[in-house]
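Here is a quick briefing to read with the model open beside you. Start by taking a look at the sequence and the fold.

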Amino acid sequence: MSIELKSVSKQYPGVDHFSVRDVNLTVATGEFIALIGGSGCGKSTTLRMINRLIEPTSGDILMDGESVKGVDPVELRRKIGYVIQSVGLMPHLTIGENIGFVAKLMKQPKQQIESRVEELLDTVGLEPALYRDRFPRQLSGGQQQRAGVARSLMLDPPVILMDEPFGAIDALLRKQLQLEVRELQKRLQKTVVIVTHDISEAFLLGDRVAVMDRGELLQVGTPHELINAPAHKVVADFLDDEVRLRRLDLLTVADALDLAPTTDPADDEMRLDGSLSLRKGLVKVAANSTDSTIAIEEGGRVLGRITTREFLRYVAQNTNKNTEVVNVVR
Ligand SMILES: Nc1ncnc2c1ncn2[C@@H]1O[C@H](COP(=O)(O)OP(=O)(O)OP(=O)(O)O)[C@@H](O)[C@H]1O
Ligand SMILES: [Mg+2]
């Protein structure tokens, strides 16, 4: 199911400015979008307008081309799973009851609910026999998060919204959960919008990353696009630390050719696959004993040649905090 935000704005009552201003964003069916930006920039507001927990002041939101304005909010939320940072499990209900809660409200058959709950516990890596009948307080934070994800999947919604779902989890477990959610999303082909202020999380999860600042959507693009061509100084600054390291993984050896003039062939030149990441390329270049020309090739065809010195300069330019962001727009 696709989501389309069209000129969506939100001004809260009694607030003299817009908290979200003229946001346009299209999320394709099965796409994973990470919405990122500083505190108070309007991420949660944007997310909550999608499932109508908040009504936009102006603009429209379409799901598969149909405006959500005409859809009953309760009906809408059955199509949209929602995961929040605080998990929000009900403390007096068991994990199984929490996950099956809405289905029970909808009067689905008991047997059907129970087998679905079991399936979902398996899906998120919580052994049903061990966890189904426990109460939330008897689970670790990370396990509660998994239960929260399972609950959001109960009605098999085509869309899932996640608002900083891993915020309260320690770094090691967070990484594991991130990878699992990513794998789950691809396998189940869900359309997911995740809100985060963690740039590594955004880059790890998002097919595309949407950068917000003070209510405005500044840029939407793949990690490679954002790093290669930040459309805005705020985006470049925001990405800065992560970017310097990430560039090594996201830029390719072939990207280095864009900046350096092609040099002549040499007898002792080394051949380097242009599709390698800059990081892998760097390792190969560093291991090469000769200090000569590099022929960058793809599928056996030489794309161009640069000197080792130029290659290293390109790496340095892209990892040094004090140099300007090198803009490579293709
Ligand atoms: N109910 C409300 N009434 C008035 N202002 C609000 C309300 N909810 C949010 N705001 C304001 O709208 C702006 C955007 O808030 P929002 O919660 O969307 O930010 P956020 O990007 O999710 O921030 P964070 O990363 O801290 O969660 C903030 O300035 C906030 O103070
Ligand atoms: Mg928020």
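Two strands count as paired if DSSP finds at least two bridges between them. Helices (H or I, at least four residues) and strands (E, at least two) are themselves DSSP runs, numbered from the N terminus. With that in hand, four strands make an open sheet in the order 2-1-4-5, and the pairing is antiparallel.

Before going further, some housekeeping. You're looking at a predicted model, in which local features need pLDDT of at least 70 and side-chain atom pairs count only at pLDDT 80 or more, while totals for chains, interfaces and linings use all residues. Residues are numbered from 1 along each chain as its sequence is written, and chains are lettered from A and ligands numbered from 1 in the order in which they are written.

**Overall layout**

- The chain carries twelve helices and 13 strands, and its C-alpha trace spans about 75 × 50 × 30 Å along the principal axes.
- Of the 330 residues, 37% are buried. Buried means 20 or more other C-beta atoms within 10 Å of a residue's own, exposed means 12 or fewer, and partly exposed is in between, with C-beta atoms placed from the backbone.
- Take the contacts between residues at least 6 apart in sequence: 66% of them join residues at least 24 apart. A contact here is two C-beta atoms, placed from the backbone, within 7 Å.

**Around ligand 1**

- The residues around ligand 1 are Y12, V15, S19, G37, S39, G40, C41, G42, K43, S44, T45 and H197. To make that list, a residue's C-beta atom, placed from the backbone, has to lie within 6 Å of the ligand.
- By class, this shell has three nonpolar, eight polar and one charged residues. Ala, Val, Leu, Ile, Met, Phe, Trp, Tyr, Cys and Pro count as nonpolar, Asp, Glu, Lys and Arg as charged, and the others, Gly among them, as polar.

**Helix 1**

- Helix 1 (residues 43-50) has seven of its eight residues buried, so the rest of the structure largely encloses it.
- Those buried residues are K43, S44, T45, T46, L47, M49 and I50.
- Just after helix 1, R52 adopts a positive phi of about 60°.

**The largest nonpolar core**

- This core has 75 residues, and A34, L35, L161, V193 and A210 touch the most other members. A nonpolar core is a set of buried Ala, Val, Leu, Ile, Met, Phe, Trp, Tyr and Cys residues joined through C-beta atoms within 7 Å.
- Strand 3 (residues 32-36) gives the largest share of the core, five residues.
- The core lies between domain 1 (3-246) and domain 2 (251-317), because both give residues to it.
- Leaving out residues up to four places away in sequence, V193 touches V27, I33, L35, L47, I50 and L161.

**Strands and their partners**

- Strand 1 (residues 3-10) and strand 4 (residues 58-63) run antiparallel and are joined by five bridges. In that pairing, S58 is the bridge partner of S9.
- Strand 6 (residues 80-84) is largely enclosed by the rest of the structure, because four of its five residues are buried.
- Strand 6 runs parallel to strand 7 (residues 159-163), with five bridges between them. Here I84 stands opposite D163.

**Residues to click on**

- Most residues other than glycine have a negative phi.
- S7 isn't a glycine, yet it has a positive phi of about 45°. You'll find S7 in strand 1, and it is exposed, with 12 other C-beta atoms within 10 Å.
- Q189, also not a glycine, has a positive phi of about 55°. Q189 is in the loop between helix 7 (171-188) and strand 8 (191-196) and counts as exposed, with 10 C-beta neighbours inside 10 Å.
- T307 belongs to strand 13 (residues 301-307) and is partly exposed, with 17 other C-beta atoms within 10 Å.
- Apart from its neighbours within four places in sequence, T307 contacts T263 and T293. The C-alpha atoms of T307 and L205 are 36 Å apart, with 102 residues separating the two along the chain.

Definitions and conventions. Domain bounds come from an automatic or database domain assignment.
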